[in-house]
Amino acid sequence: MFGNLEDKLSEILKKVRGHGTLSEDNIKEALRDVRLSLLEADVHFTVVKDFINAVKERAVGQEVKASLTPTQDFIRIVSEELTKIMGGRAAELDLKKKPPVIILMMGLQGSGKTTTTGKLALRLKGQGKKPLVVPADVQRPAAIDQLKTVAGQVGVDCYDTKPGMKAPDIAKLALAQADRQGQDVVLVDTAGRLAIDLELMEELREVKGILNPHYTLLVVDAMTGQDAVNVATEFKNQIGIDGVVMTKLDGDARGGAALSVRAVTGAPIYFAGIGEKMEALEVFYPDRIAQRILGMGDVMSLIEKTSQAYDVKQAKAVAKKLKTDEFTLEDFKEQMQMIRKMGDMKSLLGMIPGMGQAMKKLGNSGPDPDKEMKRIEAMINSMTKAERADADLLNGSRRKRVAEGSGTTVAEVNSFLKRFKESKKMMKRLAKMGPGGLRGMMRGF
Amino acid sequence: MDIGTLIFAGGGLIFLVFVALFIRKQTQRRLPAPGVDPEKVLADHAGKDSADLDPFRDEADVPVPPAEAAPKQSLSAGLAKTKTGFMAKLNAVIFGRGLDEGLVDELEALLVTSDIGIRTAEKLLEGLKQDLSKQELKDPAAVKKRLEEKIRGIVAQKVAPLALDKGPTVLMVIGVNGVGKTTTIGKLAARYTQEGKKVVLAAGDTFRAAAVQQLEIWGERAGCVVVKGPNEADPASVIFEAIQKAKAEKADLCICDTAGRLHTKVNLMEELKKLKRVMNKAHEGAPHEVLLVLDATTGQNAITQARQFKEAVEVSSLALTKLDGTAKGGVVVAICDELGLPVRYIGIGEKVDDLRDFNADEFVGALFEET
Ligand SMILES: Nc1nc2c(ncn2[C@@H]2O[C@H](COP(=O)(O)OP(=O)(O)OP(=O)(O)O)[C@@H](O)[C@H]2O)c(=O)[nH]1
Ligand SMILES: [Mg+2]
């Protein structure tokens, strides 16, 4: 399940076999790799340090059981320690408290509070609740309008904040209104603020004092870097945090901030924002993010990217061609162009388990996958229509022409065609396995 | 995940795997590759015999040597390769030459916690040993000074002030959600209006709720015209109209707001390309500047953002916002280094005058400030 990190570790830990136990020395490299992975994912420096120490402490001296490989042993320890921080299971808001359940949203500017407030309201509405959303961001221009619009979109009640009102007054009046209208959930959106902005933090304390919320949720952008620790610490100390929402997880950030915030607050991460639509809010799965942070082949986001670039018709057409052996060089070229649209090859390939590490190792001197693609494209461009439709037409003299036309060598053309055929065979097999087979293939990721 | 999504993605994924294997193969032939074997990984996951599934395995295949056996790389040969055993190497080389291990740790902590990123941090620290004499390496002050100079050298990219002679100069402002695009536009509008320039704003974010109103309020603050479309208008037509208006009114500057978008969203990036084309149609040579807004609180993902936006619409400069917080925005060091994009502006608050020109000295000073 640990994808490319696992590959790397097994390589390193092969050496451990025969030693009998894990020692500080023989897991050094493995630890270094885990550390690097975590730092690259933006987990905070000291959180990483503590984590590595904890793993080391547990691992060193462990006997490598004959039945298990040292890799499995080590990975189990890493994963258990991660789970310890991240919390094992998805957390859920308890809404069975005496109504109204009051939820206060807070966080830095631009972290996604307003959008999340709308999403959460929609979700709760779907669970049969009658939420009232309260715009109490009196700082950012048009923030009140934004929440009012969003509330209209998702069809929930919105407190009618008037220009010039102060946040604490809004809180008071909104609570009274919620009581009158029999709303069972109150969601209060607040202005984004820096934890070092003492005035605004004081305002937030005051709002919290009035609301006496059941849940004070910190909204954290998944792309946040090292600052996540400062933010979590300050909001925790100055306001108090009952839970966290991670936003913008539909991007390709590794989301190390989640680990940092958990380590600091210990508060559960309840939800993950995964898009701009109001439905795009999910329960947060700690194990998934743990894998993502560790940089294991991110097949999920690869699939997401793919499904954005392709429409169903195209995908089906390709699959059919693959199955029936009709996949031509022309199709191949089209596919390459589609994939190019999805992003640069290097990062795409990095998402395939086992490839990430290989790509990194290649560094700058190895063949650049994107350039490689362009060369291939050049070769195909130099072929005639007939040749593209039937690669078997390409005899010696034709290959020579293609090589000349594309600025490559005959050997390169040969090797490309050979691999094209071989790969076609393999893809045919994979395609025949269908979704079930694919699913099997991905189960391990 | 449901079957539908799987079918949906299936064709593409298969193909991608194919390309992966293909390129991996090429790689193997040219370079002693690391001990990872994606063919095997895939085969294992498919629950198939790997030999059966691997059409590439032929006698021409050289066995893959373990990672340690890779040839020694030259120091400048790229960051990626410094990865394995860097600290060991660093300790062996720098430490052996007298750089205190505690100092290395301290500097690494400083660089990493400012979001410079472990790779760039390692690269910078490694550079020190080439630059400094044995004697200097023992002196923490000298080491720090050299490090500061190095970073300053990277971020201090010359950038001419925005030329306002394009009748009008068109500035396209882009970035992921919530980084501060609209706010930065508001501040810029105010600045140039105060300088006596005529500014037109284009409300090109027609997607997010109340984004237009937000820009209108900024327009009022700055005292400039805001061109907007009807509800749910097409951003391209709003921008086209705004540039037309700017031309007709002989404005000096037309700043185009765009909806925040993650760089991973294919269609939205395509839309951005289209917007850019439309700008050029409205006014030849436009946009004259493509400003990517980055949030200083963002970590390593900002590198990917910059790379993808640059590839899509040829970003010309950066604005780094929210530097009034505790985040240092160190990731721009890597971005300047890798992508050669200059930082033009910084945001230091939410008020209309909280915009500054980027200053490398100040930036580096803040990085090394004790917090
Ligand atoms: N403290 C601080 N806050 C800022 C700065 N720049 C922008 N902000 C705040 O960040 C939040 C988001 O800013 P916007 O300008 O709406 O960002 P945007 O990129 O236009 O957002 P979308 O259009 O929603 O993608 C607002 O609350 C701004 O006030 C800055 O330099 N410092
Ligand atoms: Mg905006």
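Q: Where in chain A of this predicted model does A:Gln62 lie?
A: A:Gln62 lies in a loop of chain A, with helix H3 (45–59) on one side and helix H4 (70–86) on the other.

Q: Why is A:Gln62 called partly exposed?
A: A:Gln62 has 16 C-beta neighbours inside 10 Å. A buried residue needs 20 or more and an exposed one has 12 or fewer, so with 16 A:Gln62 counts as partly exposed.

Q: What separates the C-alpha atoms of A:Gln62 and A:Phe74?
A: These two residues are 12 residues apart along the chain, and their C-alpha atoms are separated by 9.2 Å.

Q: How do you know what span to expect for helix H2 (residues 28–40) of chain A?
A: The expected span is 1.5 Å times one less than the number of residues. Helix H2 of chain A has 13 residues, for which 18 Å is expected, and the model reaches 18 Å from the first C-alpha to the last.

Q: Which residues of H2(A) are buried?
A: The buried residues are A:Glu29, A:Ala30, A:Leu31, A:Val34, A:Leu36, A:Ser37, A:Leu38 and A:Leu39. Just after H2(A), A:Asp42 takes a positive phi of about 75°.

Q: What is the order of the strands in the open sheet of chain A?
A: Eight strands form the sheet in the order S3-S2-S4-S1-S5-S6-S7-S8, with mixed pairing.

Q: What makes S3 (157–158) and S8 (281–283) of chain A edge strands?
A: Each has a single partner strand, so one side of each is left without a neighbour in the sheet.

Q: How do you know that strand S1 (residues 101–107) and strand S4 (residues 185–190) of chain A are paired?
A: Pairing needs at least two bridges, and five bridges join S1 to S4 in chain A, the two strands running parallel. A:Met105 stands opposite A:Asp189 in S4(A), while A:Ile102 has A:Val186 as its bridge partner.

Q: What pairs strand S2 (residues 131–136) of chain A with S4(A)?
A: Six bridges do, in the parallel sense, against a requirement of at least two. A:Pro131 has A:Val185 of S4(A) as its bridge partner.

Q: Why is S4(A) called largely enclosed?
A: Six of the six residues of S4(A) are buried, so the rest of the structure largely encloses this strand. Both faces are covered: A:Val185, A:Leu187 and A:Asp189 are buried on one side, and A:Val186, A:Val188 and A:Thr190 on the other.

Q: Where does ligand 1 lie, and how many residues surround it?
A: Ligand 1 lies between chains A and B. It is surrounded by 26 residues, the closest being A:Gln109, B:Gly180, B:Thr183, B:Gly260 and B:Gly347.

Q: Which helix gives the most to the shell around ligand 1?
A: Helix H9 (residues 181–194) of chain B does, with three residues. The residues of the shell divide into four nonpolar, 14 polar and eight charged.

Q: What is the predictor's confidence in chain A and in chain B?
A: Chain A has a mean pLDDT of 83, and 78% of its residues reach 70 or more. Chain B has a mean of 79, and 73% of its residues reach 70 or more. Residues 1–11 of chain B have pLDDT below 50, and over residues 28–97 of chain B pLDDT stays under 50.

Q: What ipTM and pTM does the predictor give the complex?
A: The ipTM is 0.75 and the pTM is 0.75.

Terms used
Residues numbered from 1 in each chain as written. Chains lettered and ligands numbered in written order. Predicted model: local features only at pLDDT ≥ 70, side-chain atom pairs only at ≥ 80, totals over all residues. Near = placed C-beta within 6 Å. Helix = DSSP H or I, 4+ residues; strand = E, 2+ residues; numbered from the N terminus. Nonpolar A, V, L, I, M, F, W, Y, C, P; charged D, E, K, R; others polar. pLDDT = per-residue confidence, 0-100. Contact = placed C-beta atoms within 7 Å.
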